[in-house]
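Grab your viewer and work through the exercises below. Try each one yourself before reading the solution.

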Amino acid sequence: MLRCPLCRSASNTRTSRYISDQTKEAYYQCTNIECSCTFKSVESLDKIISQPTLKAAAKPITVPVTKRRTLGRYGSGFQL
Ligand SMILES: [Zn+2]
């Protein structure tokens, strides 16, 4: 929520929509009945502070299916 740029009162979000995955446009209306200013804002991603580790998701992609098959078929032959 943004404060009214004219009278600094609280404002209500009228509607909002995503312009892109990281940018949102919102329309506001001032709650001060004597002002009733309407305005819009553009909110966008600034920085990702932390994110989930991609280890679990990336592992199946880095290990080729053919390599796993080879290990299963010839695995016992490599043991002394
Ligand atoms: Zn206002």
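pLDDT is the predictor's confidence in each residue, from 0 to 100. Helices (H or I, at least four residues) and strands (E, at least two) are DSSP runs, numbered from the N terminus.

Two ground rules before we start. Residues are numbered from 1 along each chain as its sequence is written. This is a predicted model, where local features need pLDDT of at least 70 and side-chain atom pairs count only at pLDDT 80 or more, while totals for chains, interfaces and linings use all residues.

**Exercise 1.** List the elements in order and find which has the lowest and which the highest mean pLDDT.

*Solution.* Start with the count: the protein has 2 helices and 3 strands. Next, read from the N terminus, and you get β-β-β-α-α. Now bring in confidence: the protein as a whole has a mean pLDDT of 83, with 68% of its residues at 70 or more. Among the elements, β2 comes out highest at 97, while helix α2 (residues 65-74) is lowest at 57.

**Exercise 2.** Work out the strand order of the sheet and its pairing.

*Solution.* First, the criterion: two strands pair if DSSP finds at least two bridges between them. Then take the pairs one by one. β1 and β2 are antiparallel, with 8 bridges, and they make a hairpin with 2 residues between them. Strand β2 (residues 23-30) is joined to β3 by 7 bridges, again antiparallel. Put together, that's an open sheet of 3 strands in the order β1-β2-β3. The edges are β1 (11-20) and β3 (38-44), each pairing on one side only. As for twist, it averages 20 degrees from one strand to the next (axes are lines fitted to C-alpha atoms, for helices over the stretch in contact, and angles run from 0 to 180 degrees between N-to-C directions).

**Exercise 3.** Which residues stand opposite Lys 24?

*Solution.* Look toward β3 and you find Glu 43 opposite Lys 24. One more for the β3 side: Thr 23 stands opposite Ser 44.

**Exercise 4.** What percentage of the residues is buried?

*Solution.* Set the cut-offs: a residue is buried if 20 or more other C-beta atoms, placed from the backbone, lie within 10 Å of its own, exposed if 12 or fewer, and partly exposed in between. Apply them to the 80 residues of the protein, and 4% are buried.
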